Amino acid sequence: MDLYRRKSLLIFVIFFISSLVSAQNAIIKGKVTDEKSQEPLPYVNIGVKGMEKGTFSDSSGFYKIEIPQGQFILVYSSIGYEKLEKAITINDRNVHGLDVSLKSTSKELNTVVVSASKYAQKIQESISTIEVVKPELIHNANIQTIDKAVEQVPGVAVIDNEPQIRSGSGFSSGLGSRVMILVDEIPVLRGDAGRPVWDFLPIDDIDQIEVVKGASSVLYGSSALNGAINVRTSWPKENVMNKFTVTAGMYSKPSRKFDTPWSGSNPLQYGVNISHSQKIENFDLSVGGSFYNDQGYIGPIPEAGKIQDSLTTSGTYNQRIKFNFNTRIRSKNVEGLSYGLNGNFMYQKNAEAFFWYDADTNIFRPFPQALSTFKAFVFYLDPFLRYFGKKGGSHSLKNRFFYDNTAGTNNQSSLSMTLFNEYQFQKKFKKMEDIVLVFGIINSYVWSSGKVFSGVLAADSTTTAGVDGHYTSENFAVCAQIEKKFFNRLNVLIGGRWEYYKLGTFEDNRPIFRAGASFQVARGSFIRSSIGQGYRFPSIGERYITTSSGRFGFYPNPNLNPETSISIELGFKQVYKLGNFVGIADLAIFQEEYDNYIEFNYGVWGRSPDFAKNSGFKFFNTGPTRIRGVEAAITGEGEVARNFDISVLVGYTYSVPQALDPHYEYYASKIVGDYNTYATSSTDTTNNILKYRIQSLVKSDLQLTFKKISGGISMRYYGFMQNIDRFFYDKNYAGYFATGIKKYRTEHDHGTSVFDCRISYLLKDFKFSVVINNLLNTEYSLRPLTIESPRTTSIQVVYKI
């Protein structure tokens, strides 16, 4: 009993002393806001100079910190804002209020990105090349889908729904993307096909779009072999925002007189969007809905002696209804805790044409059996939780349930469900001289069913169409990276990831690594270098696709193996300022080498004596490849005169994608006694350039604003696609596949420039805009046998209250 009393007395003394010490501290509390907008600033670092003590502002900008009596300097810092120091003297143990406002650096200098390292950092300090698309460009250009937004980025092209970064991908029928697409750092590629549903992604409540170039598999997993595109949605501001947008447009007739595939009125595009966002005490809410109808510019399949009206939707079209919401609760009981549920829903009806009928008067009509129609219901739900600890560490739990149910003609129906979970921990260790640690555990599970991925072979090795295929895939990964700044100039990063995949009975796992450094050689001058490994497991679609289009089959390859890569980059970034005009100039040299590279190839794959039952497209591991090149970009914005603002972007990318072993035999035909290699399947083997690559890309945009009037013009230049599948030439004859592709490419063996322009006027709460895309009504084709849109002219009215 005596011992028990002594222990109790000791505990009481310790508690009394600690309480006494705590009682001697004063409490400083207040709110951090933006000096100009007076919007609250979340997650601002607040420290005491010369002490290890520190805290951060919450999601509403509020903070609280305890300090003893005496004289101190409070330091407020946040990326994109000038550091603020406040001297205070404490003579009591009371609660003191101290609200502060931080001054933003110039717009170009305060661009903050999270996609390059998974935590907030200035864009000029990143070890990777990263581009940012701001919402102003999206709204000014009346862009309706994310793929059209990223088309404005230097080095990026979207061909047949496949995003290509620096020629990293070719033609793949939209399957197995090498670029990871994310919404708020959560993957949103279809779990079965490994491709984005561009129309589904949120476009109206965007904070910014971040495009990371180069291998990003360590951060984002398998599909980030060539880069990542992260769509960051916005949260409500202090003031309630209601926005109502109406848009209506019309296609022009094609530039060639007899190419028009419709009669009567020109096809229309029109839509409406409504959104609302507000803060209700500790509850943040954003909600929106939209309707859009595009009557399409590709007409119906031609019938002899008959002119058809495309407005009957017998050609291509796109109709969709969308609803989205973001919610967040900032806990009143647990400081630093927030949680919520986000969601996005879409119902869509559309038709797509895979090949044109011919390169003459029917170039805006589909080849027989090459038009497919779809009805799709797609949604995701994202429950999340985030906690900021008092010692600077943050814990986040992100989840997504992604559902896609598509009914399609030509045996293209599918149903898939994807469950994604990620736990992430981040901390900046001040005692270890500001080492930043990011650690994550990731898991995803995919269930897929449908005729399009049946992957069943008959005895003669031809596909058995119309059979439902059922597949599951699992992915588990652990990743970690650390980043440290030395001498306040040198950032060094190293990270790794262990990846496990299982698709059906096939399993594979391996570690991959990345490292890089960024060095500030002078004020505003940064040199960066990085090296990263990539790893991509083939999607369910690439292994098991079974369908047809335009009299050709799409064949499964259950033996398709993962592909790997290593990416190296050296870059220089210069921040410049000319009066109030501030910008960034960037130069990068890059090289990527791949092993077991996966390509979509045409050939004769079966054993049937009937040639028509054996020919078509199939995915193969085609051996080693290399892509190297150079990229330069200049961006800038600022007020160059009173009430006159300019924003400019110019970028050029040149890449050399090559097959390193052009005679590598990836398939041998048992019917015709032939074999398939890069050399035997290409139309042009000069320099061993890979098929379906655009080597030269130029992007530019100029925006001028004077008071309430704004105008802009943009230009995109696409170099000539040197090499395509040889069969397009060999089978280009009457009665089989007479598309005129060889003649068309001979006559159009040069690059194409496409111009867009826009003008807008602000009138109180209204904004009126006119946007013209493809201003010169240029006829051009990016992927062989598909024609791009003729000129469209649209009017947009936005009302904000």
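Buried means under 20% relative accessible area, exposed over 50% and partly exposed in between, with a 1.4 Å probe and protein chains only. The model is predicted, so local features need pLDDT of at least 70 and side-chain atom pairs pLDDT 80 or more, while totals for chains, interfaces and linings use all residues. Residues are numbered from 1 along each chain as its sequence is written, and side-chain values use heavy atoms, without hydrogens and water.

Select Thr752 to begin. Thr752 is buried because its relative accessible area is 16%. This residue lies in strand E43, residues 752-763 (strands are DSSP runs of at least two residues, numbered from the N terminus). Beyond neighbours within four places in sequence, Thr752 is in contact with Arg716, Tyr717, Tyr718, Thr778 and Tyr780 (heavy atoms within 4.5 Å).

Next, select the open sheet of five strands, E11-E16-E17-E14-E15, in which the pairing is mixed (two strands pair if DSSP finds at least two bridges between them). Its edge strands, E11 (129-133) and E15 (186-187), each pair on one side only. E14 (residues 179-183) runs antiparallel to E15, joined by two bridges. Zoom in on Val183, which stands opposite Ile186 in E15.

Finally, go to the second largest pocket. Of its 23 lining residues, Asp58, Phe62, Ser331, Glu335 and Gly336 lie nearest the centre. A pocket is an open set of points on a 1 Å grid over the protein atoms alone, with protein on both sides within 12 Å along at least five of seven lines; lining residues have an atom within 4 Å of a point. E4 gives the largest share of the lining, three residues.

Note on methods. Helix = DSSP H or I, 4+ residues; strand = E, 2+ residues; numbered from the N terminus. 1 Å grid on protein atoms, 1.4 Å probe; cavity = no way out; pocket = protein on both sides within 12 Å on 5 of 7 lines; lining within 4 Å.
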